[in-house]
Amino acid sequence: MKRIALMGAALALALSSFTAHAADKKTLVFVANGASDFWKAAEAGVKKANAELPNYEMQFKYPSQSSAAIQQRLMDDLVAAGVSGIMVSAVDPKTETEALAKIAKETLLLTTDSDAPKSGRVAYIGSSNVEAGKQVGEILKKALPDGGKCMAFVGLPGADNAKERIEGIKDVIKGTKIEIVDVRADDIDMARAKRNVEDTLTAHPEVNCMLGIYSYNIPQIYQALKEAGQLGKITVTGFDDDPITLGGIKEGTVVGTVVQQPFLWGYEGMKDMAKILEGDKSFIPSDGLIIIPTKVVDKSSVDEYAKELAKMQGKG
């Protein structure tokens, strides 16, 4: 009995030691702004970073709805659970600034995708949305040398990433005969995104150009145009690398897209948070902006890009 008791004590000590070791791991969390396939690449980046830094617990979280209030409750819960760092794509940075500032006082905070510079975040890592918008503007100028009327479609029009992309497009097309007629929002609701395109076809027959500002917007444009028999008759361009977007470029029904690199946001962002927690901030620029370049993908480069993307996500 004494031997059994000693073995039990030894096992309890081992389990206690294992639990303590597990508890020593710092938890870092990437919080998306909604449930979109766009974020799968960032999630893959987080997983890769975690494989390289096993002393950390890295997680990826989606809010149950694309709502500032719901996203805030999720982050509050994470802070209450004792996470060491949060990297967030805020649903609406301006209305969330105060709440984000509270988070920044309680844990390490980085922003991505859409910045909240007045929140006290340590750094932003992601695209320059203005520059990405300018690249889309250049695509439009090549595709519509005689001008055109464009409708833009977006999830969250109040988010800085949306406003800055549209600002960049407008900067480049200023002085041309290309015009953005209006911007239609969908709150990251796929059915509504498609319905916006369908409504445009009916209410605005003069529109001969459609811009997908968020990652899923071009796919929804594509589906709506296909069903209406308008595919290839309306110039389509915008952002990101959804498989439908890349397929449209390959077949010539989408003239091009400007791709971000969310895989690197997740991968570099998690590693950067670990560096900061370990006392190294030397890599952060004075303006706090860590910019991951965007690039244009068109018919000449789509096959090469698709292979590169598959390799980054561990699929090739």
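Predicted model: local features only at pLDDT ≥ 70, side-chain atom pairs only at ≥ 80, totals over all residues.
**View 1. Helix 7 packs on helix 8.** Helix 7 (residues 190-203) sits at about 50 degrees to helix 8, their axes 9 Å apart. That angle makes the pair oblique (under 35 degrees is roughly parallel, over 145 roughly antiparallel, 65 to 115 roughly perpendicular, and the rest oblique). Axes here are lines fitted to C-alpha atoms over the stretch in contact, with angles from 0 to 180 degrees between N-to-C directions; helices are DSSP runs (H or I, at least four residues) numbered from the N terminus. Right-handed means that the near helix is turned clockwise from the far one by less than a right angle. In contact (heavy atoms within 4.5 Å), helix 7 brings residues including Met 190, Val 197 and Leu 201, while helix 8 brings Ile 221, Ala 224 and Leu 225, among others. The tally is eight nonpolar, three polar and three charged (Ala, Val, Leu, Ile, Met, Phe, Trp, Tyr, Cys and Pro are nonpolar, Asp, Glu, Lys and Arg charged, and the others, Gly among them, polar).

**View 2. Helix 8 also meets helix 9.** Helix 8 (residues 217-228) and helix 9 (residues 243-251) pack at about 60 degrees with axes 8 Å apart, so they are oblique too. Ile 218, Pro 219, Tyr 222 and Gln 223 face Ile 244, Thr 245, Gly 248 and Glu 251.

**View 3. Helix 5 crosses helix 6.** Helix 5 (residues 129-143) and helix 6 (residues 160-173) have axes 6 Å apart at about 40 degrees, which makes helix 5 oblique to helix 6. The crossing is right-handed. Among the residues in contact are Gly 133 and Gly 137 of helix 5 and Gly 168 of helix 6. By class, this contact has six nonpolar, five polar and seven charged residues.

**View 4. The largest cavity holds about 120 Å³ of space.** A cavity is a set of points on a 1 Å grid over the protein atoms alone where a 1.4 Å probe fits but cannot get out. Two cavities of 30 Å³ or more turn up. Of the 13 residues lining the largest one, Asn 33, Phe 38, Asp 113, Tyr 214 and Ser 215 are closest to its centre; lining residues have an atom within 4 Å of a point. The lining has five nonpolar, five polar and three charged residues.

Note on methods. Residues numbered from 1 in each chain as written. Heavy atoms only, no water. Helix = DSSP H or I, 4+ residues; strand = E, 2+ residues; numbered from the N terminus. 1 Å grid on protein atoms, 1.4 Å probe; cavity = no way out; pocket = protein on both sides within 12 Å on 5 of 7 lines; lining within 4 Å. Points joined across faces, edges and corners; volume = space filled by probe spheres on them.
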